[in-house]
Amino acid sequence: MSFETGVFPVLVSEDEAVESLPPQVRGGLNASSATPLHVQLSDLMRVKILSEDWKAGTYIPSEAEFMAQYGVSRGTIRKAIQSLVKEGLLLTQKGRATQVISNTVRHAAGNTVLSFAAALRDGGFEYRTEVLFKQVVPADQAVAEHLEIPIGSDVLFLRRVRSVSDRPVVCQESWSNLLVCPQLEEADFENESLFDAVERISKKEIARSRMRYQSQIADKDHADYLQCSPNEALLVLEQVIELSDGNCIEWSQTWLAPHQSVVGVSEQVDGSIGPLDISSVRQSEHSTSNIVALKNDIKQRTQLELDLRHEALSVRRGIVELAHRYSSTPFHIGGACSVADIVSVLLSKVMQVGNRDCEWELRDRLILSKAHTSLALFPALLRAGMISQEDIDRGVFGPDAVLFKHPLRDSQRGFEISGGSLGMGLGYAAGLGLSFRRKDLPSRVFCILGDGECDEGSIWESAAFIGHNQLSNVTVIVDQNRMQLDGPCASILDTGSIARKFDAFGFESIEVDGHDVLALYDALKEKASKPRVIIAHTIKGKGFSFAENNVSFHDACVTDDLYEQALSDLKVAEEACSC
């Protein structure tokens with residue numbers, strides 16, 4: 001038996017699947033379906049990537065293998081692959097196999113379990129739970145792997161929708177381990193939360209979870225459950241829950257209704273700050289003042305997002321304008337575009353910029369350790385008032401230049417450190433953080449690293465120093481575009497999870513979409529009680545069709561033809577931003 005899980009389907013065994021397929025279906029594709037074969041194939045491939053059957057850094061099967069397995073043409077295969085390249089899930093390079101670069105974002109909210117029932121209850125909301133489906137089923141391969149139990153073991157499958165004032169807020173789908181909590185299926189889940197029932201029956205506490213979240217397009221069923229439009233982008237949270245004795249009790253996916261988010265603003269079950277934002281639920285309250293306040297808040301957030309998107313587009317325009325000015329000279333276009341949203345959010349809305357927001361000595365500091373991407377810094381500093389148009393007009397080469405391809409230290413213009421050799425910026429940021437603490441200054445330090453730069457040993461010496469001294473005024477942003485000069489980072493030196501390494505040194509880690517300006521703003525604006533690292537999942541060359549996920553644009557020239565294409569891409573993005 002097979003149940004749809006939403007994001008990660010529970011898979012039937014291969015032999016069982018083959019026996020049940022009608023003749024027109026091969027390898028999971030249905031030739032008689034109204035859905036084109038290349039769309040069906042890309043859907044299958046997407047599931048393999050997001051469920052990590054195909055892990056980041058590995059190579060997908062060859063075209064010949066796809067043809068043999070699915071009985072489709074090369075054209076169909078290439079269309080499917082290209083759609084996933086555009087989504088940032090696959091990387092294609094001439095002469096090399098296609099590589100998985102999955103854009104799944106892991107949320108590092110610690111190990112604390114996220115309870116939606118507790119979040120709603122603690123937020124003061126009256127909610128109703130409707131059980132759409134409840135049945136004891138045998139654990140199939142995917143469920144068994146997540147719950148660490150034998151295939152075929154009994155598990156309880158639940159699909160529930162929680163609503164506030166008859167408006168659906170979340171749809172939760174879960175598989176619970178009945179080996180460690182027998183008779184769980186007898187609980188009344190419309191009047192008792194799953195977590196409460198587990199603790200009551202097992203006599204053990206729910207202790208921790210492994211969590212990740214990602215965006216997912218709503219299918220027809222989930223659109224019906226959440227009363228939204230099909231094909232609307234939703235946030236989906238996955239958790240694997242453990243009891244205090246270490247046994248896995250639950251694997252779940254939770255679909256959040258549109259306009260819900262996962263940020264650090266609400267209460268978790270232990271009372272600590274957690275990742276569920278239920279503020280938008282307040283539109284369902286009956287108080288007129290609350291509704292007005294909510295509308296004002298939504299309006300302000302919408303305007304903030306629009307402002308930040310415009311700032312980022314201005315930075316990208318500045319990048320391509322300056323690179324085209326020296327059209328025969330290569331610039332680091334890819335990395336500059338992947339950090340464009342980060343520097344624009346920092347300098348426009350987050351940082352206290354000297355002489356604009358505060359006294360000069362009280363200003364926040366920005367250290368661009370991956371200084372070869374300074375092409376993004378120049379337009380951002382211009383818009384922040386730190387440099388002038390005349391500075392830019394003087395260029396980045398020659399005796400009249402005051403800006404340089406690899407910046408020289410010039411604190412009056414916002415360049416706190418000379419750039420060139422990678423791995424040096426975080427040590428400087430550590431020194432600034434310690435100095436500000438000793439001087440009792442409120443200034444914050446923001447240091448941008450590249451994920452390839454994290455191969456440098458000096459990064460981890462500095463991280464150890466910052467963590468040991470708990471320099472909470474230091475925020476590190478890792479531009480994780482998964483590429484470096486010689487190719488994918490995972491192929492050059494696979495160092496595993498960067499977030500976990502920083503966690504081990506005493507940092508608080510958060511993972512965000514590095515091109516979601518509101519997510520960046522929320523993560524960067526909030527001050528922390530300990531050092532923080534933000535892993536920004538980005539796309540190299542973001543914003544320009546010829547450069548996205550193209551490793552050759554690590555360092556490349558912007559020719560006249562490419563410049564025209566870049567202007568066309570910007571025009572499309574600016575029109576979309578104005579809608």
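Predicted model: local features only at pLDDT ≥ 70, side-chain atom pairs only at ≥ 80, totals over all residues.
Residues are numbered from 1 along each chain as its sequence is written, and side-chain values use heavy atoms, with hydrogens and water left out.

**The whole chain**

Show the chain as a cartoon: it has 19 helices and 19 strands, which are DSSP runs (helices H or I, at least four residues; strands E, at least two) numbered from the N terminus. Of the 579 residues, 52% are buried, that is, under 20% relative accessible area with a 1.4 Å probe, protein chains only.

**The largest core**

Next, select Ile319, Ile333, Leu346, Leu347, Leu375, Ile448 and Leu524, the residues with the most contacts inside the largest nonpolar core, which has 64 residues. Such a core is a set of buried Ala, Val, Leu, Ile, Met, Phe, Trp, Tyr and Cys residues joined through side-chain atoms within 4.5 Å. Now colour helix α9 (residues 288–325), which gives the most to this core, with 8 residues.

Zoom in on Leu524. Leaving out residues up to four places away in sequence, Leu524 touches partners including Val345, Leu346, Phe446 and Ile534; contact means heavy atoms within 4.5 Å.

**A buried aspartate**

Then pick Asp479, in strand β15 (residues 474–480). Is Asp479 buried or exposed? Asp479 is buried, with a relative accessible area of 0%. Among the residues that Asp479 touches, not counting those up to four places away in sequence, are Lys370, Asp451 and Thr538.

**The largest cavity**

Move on to Phe116, Arg160, Arg162, Gln172 and Phe195, which lie nearest the centre of the largest cavity, among its 14 lining residues. On a 1 Å grid over the protein atoms alone, a cavity is a set of points where a 1.4 Å probe fits but cannot get out, and lining residues have an atom within 4 Å of a point. The volume of this cavity is about 110 Å³, counted as the space filled by probe spheres set on the points, which are joined across faces, edges and corners. Strand β10 supplies the largest share of the lining, 3 residues.

**The second largest cavity**

Finish at the second largest cavity, of about 90 Å³. Select Leu347, Met351, Asp364, Met386 and Gly414, the closest to its centre of the 13 residues that line it.

How values were computed
Buried < 20%, exposed > 50% of the residue type's maximum accessible area, 1.4 Å probe, protein only. 1 Å grid on protein atoms, 1.4 Å probe; cavity = no way out; pocket = protein on both sides within 12 Å on 5 of 7 lines; lining within 4 Å.
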